[in-house]
Structures are given as C-alpha cells and as structure tokens.
Amino acid sequence: MADFSVAIRTYNGAKRLPKILAALKAQSLADISKPDAFEWEVLVVDNNSTDNPQAIIEQYGQGWPNCSLRYVLEPQQGASFARRRALLEAKGTWVGFLDDDNIPQAHWLAEAYHFGQAHPQAAAFGGQIHAHYESPPPAHFERIASFMPVIERDEVICFTCGWRAMSNLVPPGAGLVVQRQAWLTHVPEVLTLKGPVGASLSQKGEDTEALLHLKKAGWEIWFNPKMHIYHQIARHRFELDYLRRFFEGVGLSRYTTRMIGCAPWQRPAMTLLFMASDIRKLLHHVLTHGICLDLVATCERQLIVSSLWSPFYTWKQWLCR
C-alpha cells in the first residue's frame, strides 16, 4: 500500500504527456515529514487512445524518480470508466486525478498529502486551477470560467458545511484528490453520466455525480487553496461549436445530479421546482441579453435551456435502454 497515487487520464494525449510527467518528476517532497518514507506512484490510464501513449510511459520510466510509473489501458471510453479503472489499479490511500492537460505546481503533491492527513473525514478535495490559454479567451469569459474549469480563490471551503451543504456545489474533477476506499464503497460502479467519450460531450457531469454520492454518504468534501494546477486550454475550446456542445452536455446532466440527494417520493415535486427555476433563469437571461448574443451569453443560454430540457432527455435515455 502506498501513501498517494497520481492518476493521469489520457485520451489521444501522447503529445501532452511529457509536460505533465516532467512536472510530476519535479515534485518537491521536502515539506513532507520523513520524505524518504513517503511512498507514491504515478498511474497513466489510457482511455483507448490511438496515438500510443504507452511508448511515452516506457520512455519516461527509464529515468523516473523513487516512485513507480505504470501504464494501464481502459478500453471502454468515458471519463468515469477511466476514473474507476484508476481507483481499482491504484495502491495509494489517496488518489489525485489529473487529466493530460493539467500541470501540477511543484508542491501540489505535498500540499494534497498534508490536507488529506489533516482532514481524515474528507472523501475528496480540489484545489486552485489556473489557466494557460493557447489563444485569448472571449470577452466576459469570467462568467463561465468555472465550467472550463478555472478556479482561483484563496479561502479553504467545506462544501458539506453551512449553506453549501444545501446545494450541489462541489469541486471540479481536474486536480481532484479522493480517498480511494470511500469512493469504491459509496460511488456506484457504473455512473449514469459517463463523462467525455471520444469527441462526445453529451455525458458531462460524471465527477459531480460521483462527489454527490460521497456527500450523500456523509463524507466531507473540501477546497484546498494551497494546491495549484495549470490547465492548458486549447484554442478550439473557444470555438462556438465546441462551446455549444460543452454547455449542452453540462446542462443535460443537471437532472441526474439534482436528483441524487432526493428520495424517490420527492422527485416529482423537485423536478417541477427545478424546472420553474430554470424557466425563471431563462426569462431573466432573455430580458437581460435579448436575442443577439455574444459568445459567453450564448453559452449561458445553452446551459439554461439544456438544464430545463434535462428531465425529458434523461427519461428518454432510460426508456431507450
């Protein structure tokens, strides 16, 4: 058993892997008491890529530091399947999830380990996500930045305390650290939302679904501002077609995540309440922004409309199974 596992999910990201592996190789463990006794590993989960990421892993494994670097293939595409495979293969008490476009800061691993040790009742915690843009973001991007995700805040936050406990607010999956056994015990083996599958974005929300199951089981979920990763945001992610599909996928996931905390008998009434809320948001958006929308307003409206449609979309998916 190791203290910590870093799990990198990759899909056709062979060109991106060297940068993240170099950042992990340079992790500073000086702040960990008895760093020589600290055991960690790096696990690369290939989600059925076609660009041979295994060759990159074999190349880097030759000069790797005092931890293991392993390659695992998960042939069933979908971020949720890759996450599950990582947890089954990982040896660490804690597992830190990174995508192949997430570059951890030099103290990310040490800060994650310290936070986990200090919060034994936490099942998961995220950290700050800074953006490295390949091209400048659109005007007013800050209104949708948290979805990309870009998260920059300095305070420690408990998502299962106070008013946040009444909401579905949880940290995003990028840079998320989870207690392995808590996830395997309380998160369903097969989630309703599969996450990105190839180029498809219709099943977004898989990390939120998993975290809400942990929250429902009584575990704590936190935000640790001392953990920093740098999200490499490619130029194509600001193209209208991509953004429409992205926010449509986020919106269509809303019914699934909204119902996790509801008992079956509560769901009809809660569905109507959520739909009424979405209609109110849509009317407010139309009155505020009108019909001629800029890129960010288009994303916001797509999210609201897809959230409103999400119960019907989900019921249709159930009927087609």
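A nonpolar core is a set of buried Ala, Val, Leu, Ile, Met, Phe, Trp, Tyr and Cys residues joined through side-chain atoms within 4.5 Å, where buried means under 20% relative accessible area, calculated with a 1.4 Å probe and protein chains only. The structure shown is a predicted model, in which local features need pLDDT of at least 70 and side-chain atom pairs count only at pLDDT 80 or more, whereas totals for chains, interfaces and linings use all residues. Residues are numbered from 1 along each chain as its sequence is written, and side-chain values use heavy atoms, leaving out hydrogens and water.

**View 1. The largest nonpolar core comprises 68 residues.** Phe4, Val6, Leu21 and Val42 have the most contacts inside this core. Helix α4 (residues 108-118) contributes the most to the core, with six residues; helices (H or I, at least four residues) and strands (E, at least two) are DSSP runs numbered from the N terminus. Apart from this core lies another of 17 residues, including Ala131, Phe141, Ala145 and Phe247.

**View 2. Surroundings of Val42.** Contact denotes heavy atoms within 4.5 Å. With neighbours within four places in sequence left aside, Val42 is in contact with Val6, Ile8, Leu21, Leu24, Trp64, Cys67, Ser68, Leu69 and Arg70.

**View 3. Strand β4 (residues 92-99) and its pairing with β1 and β8.** Seven of the eight residues of β4 are buried. Strands count as paired if DSSP finds at least two bridges between them. Strand β1 (residues 2-10) pairs with β4 in the parallel sense over seven bridges, and Leu98 of β4 is the bridge partner of Ile8. The pairing of β4 with strand β8 (residues 177-179) is antiparallel, over three bridges; here Val95 stands opposite Val178 of β8.

**View 4. Packing of helix α7 (residues 240-252) with helix α10 (residues 295-319).** The two axes, which are lines fitted to C-alpha atoms over the stretch in contact, with angles from 0 to 180 degrees between N-to-C directions, come within 6 Å and cross at roughly 40 degrees. On the α7 side, the contact residues include Leu243, Phe247 and Leu252, and on the α10 side they include Leu303, Trp309 and Tyr313. By class, the contact has ten nonpolar, seven polar and two charged residues; Ala, Val, Leu, Ile, Met, Phe, Trp, Tyr, Cys and Pro count as nonpolar, Asp, Glu, Lys and Arg as charged, and the others, Gly among them, as polar.

**View 5. Thr257 in helix α8 (residues 254-259).** Thr257 counts as buried because its relative accessibility is 6%. Not counting residues up to four places away in sequence, Thr257 touches Asn168, Leu193, Gly205, Thr208, Glu209 and Leu212.

Definitions and conventions
Buried means under 20% relative accessible area, exposed over 50%, partly exposed in between (1.4 Å probe, protein chains only).
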